[in-house]
Amino acid sequence: QVRLVESGGGLVQPGGSLRLSCQASGIMFSLSAMGWWRQTPGNQRELVAAINNRGTPNYADSVKGRFTIDRDNIIDTVYLEMTNLKPEDTAVYYCNRDPLREEWWGQGTQVTVSA
C-alpha cells in the first residue's frame, strides 16, 4: 500500500531549472529520511540527495551547489529543486526512503537536459 509518486520532470536546456516532487502515501513520512535517486539505462540507481526527518540534507558531489532537497511533512512530499542543469543530469529520477526499500520504487520522472 506504499505509494511514491514522482512528478515534475521534463525537457530543459542546459543551465535551466526544474522542481521535482514526490508525494508519499502509506508510510510514516514524517519519521522517515527520504532521498532522490537517478538512473540511466544499464546503470543502477545512484543517490543524489537525501534529507532526514528534521530537514537536514546531504548531497552527492555531482549535484552539490546545484540541487536542493526539501520536504513538507504536512503534505508528505519531498522536493528536489534542480538548478544549473547539465546534460549529465539526464536520467529518470526516483524518490524512496533513505535507506531505501527496494519494493517502494515508483515509476520515476524523466529529466532530460538538452539544447
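This is a predicted model: local features need pLDDT of at least 70, side-chain atom pairs count only at pLDDT 80 or more; totals for chains, interfaces and linings use all residues.
## Reading the model

Residues are numbered from 1 along each chain as its sequence is written, and side-chain values use heavy atoms, with hydrogens and water left out.

## Serine 21 and its neighbours

Let's start in a strand: serine 21 sits in β3, residues 18-25. Leaving aside residues up to four places away in sequence, serine 21 is in contact (heavy atoms within 4.5 Å) with Val5, Glu6, Ser7, Trp36, Thr77, Val78 and Tyr79. Threonine 40 is 19 residues away along the chain, and its C-alpha atom is 19 Å from that of serine 21.

Most residues other than glycine have a negative phi, and most peptide bonds are trans. Aspartate 76 has a positive phi of about 55° and isn't a glycine. You'll find aspartate 76 in the loop between β7 (67-72) and β8 (77-82). Asparagine 84, also not a glycine, has a positive phi near 45°, and its place is the loop between β8 and β9.

How exposed are these two? Aspartate 76 is partly exposed at 25% relative accessibility, and asparagine 84 is partly exposed at 41%. Partly exposed is the range between buried (under 20% relative accessible area) and exposed (over 50%), using a 1.4 Å probe and protein chains only.

## A cis bond

Between aspartate 98 and proline 99, the peptide bond is cis, with omega near 0°. Proline 99 belongs to the loop between β9 (91-97) and β10 (109-113).

Technical notes: Helices (H or I, at least four residues) and strands (E, at least two) are DSSP runs, numbered from the N terminus.
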